[in-house]
Amino acid sequence: MSHTPADDGREPVADHAADALRSWAQAERTQADALAQVLEDIAANGLPDPETCVPWEELRDQHLAELAGGQTEHRAA
């Protein structure tokens, strides 16, 4: 995808930075699409039964543990 920026005084970014920004944008788009699917499912089918859901505290603790594990691995590398 080739794009020639307009001459509006913007500072160009390096190719590797532009690639990183595009990758980040795609990741954000993917997350937004996943959230939209969940919201559409709730709109179409209603809220799930609370007994079948994982409490947010458990999800939080799991995510924090994964982050801590990733930081430990990163430091060891």
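A residue is called buried under 20% relative accessible area, exposed over 50%, and partly exposed in between. R60 has a relative accessibility of 36%, so R60 counts as partly exposed. The structure discussed here is a predicted model. Its protein chain contains two helices and zero strands. Of the 77 residues of that chain, 1% count as buried.

**Overall surface and helices**

- The accessible surface of the protein chain amounts to about 7400 Å². Carbon and sulfur atoms account for 57% of this surface.
- Helix α1 covers residues 15-45. At 1.5 Å a residue, its 31 residues should span 45 Å, and this agrees with the end C-alpha atoms, which are 45 Å apart.
- Just after α1, the residue G46 adopts a positive phi of about 90 degrees.
- Helix α2 covers residues 56-76, and a loop lies between α1 and α2.

**Salt bridges**

- Side chains of opposite charge can pair when their charged atoms come close. In the whole structure, a search finds three salt bridges.
- Another salt bridge joins the side chains of D19 and R22, with an N to O distance of 3.3 Å. Both residues belong to helix α1, where D19 and R22 are three residues apart, about one turn of the helix.
- D19 counts as partly exposed because its relative accessibility is 47%. R22 is also partly exposed, with a relative accessible area of 47%.
- A further salt bridge links D61 with R60, and the closest N and O atoms of this pair are 3.1 Å apart. D61 has a relative accessible area of 41%, so D61 is partly exposed.

**A nonpolar surface patch**

- Which residues make the nonpolar surface patch of about 340 Å²? The patch is made by V13, L21 and W24.
- V13 is located in the segment before α1. Because its relative accessibility is 49%, V13 counts as partly exposed.

**Polar contacts**

- Where does D41 have its place? D41 is found in helix α1. The side chains of D41 and N45 are joined by a polar contact of 2.6 Å.
- Is D41 buried or partly exposed? At 41% relative accessibility, D41 counts as partly exposed.
- T52 is situated in the loop between α1 and α2. A polar atom of the T52 side chain lies 2.7 Å from the backbone oxygen of D49.
- T52 counts as exposed because its relative accessibility is 59%.

How values were computed. Residues numbered from 1 in each chain as written. Predicted model: local features only at pLDDT ≥ 70, side-chain atom pairs only at ≥ 80, totals over all residues. Heavy atoms only, no water. Salt bridge = Lys/Arg side-chain N within 4 Å of Asp/Glu carboxyl O. Helix = DSSP H or I, 4+ residues; strand = E, 2+ residues; numbered from the N terminus. Buried < 20%, exposed > 50% of the residue type's maximum accessible area, 1.4 Å probe, protein only. Patch = residues over 30% accessible without salt bridge, like charges linked within 9 Å, V, L, I, M, F, W, Y side chains within 5 Å. Areas by Shrake-Rupley, 256 points an atom, 1.4 Å probe, with all protein chains shown as cover. Expected span 1.5 Å × (residues − 1). Polar contact = N/O pair within 3.5 Å; in protein donor to acceptor, adjacent residues only side chain to side chain.
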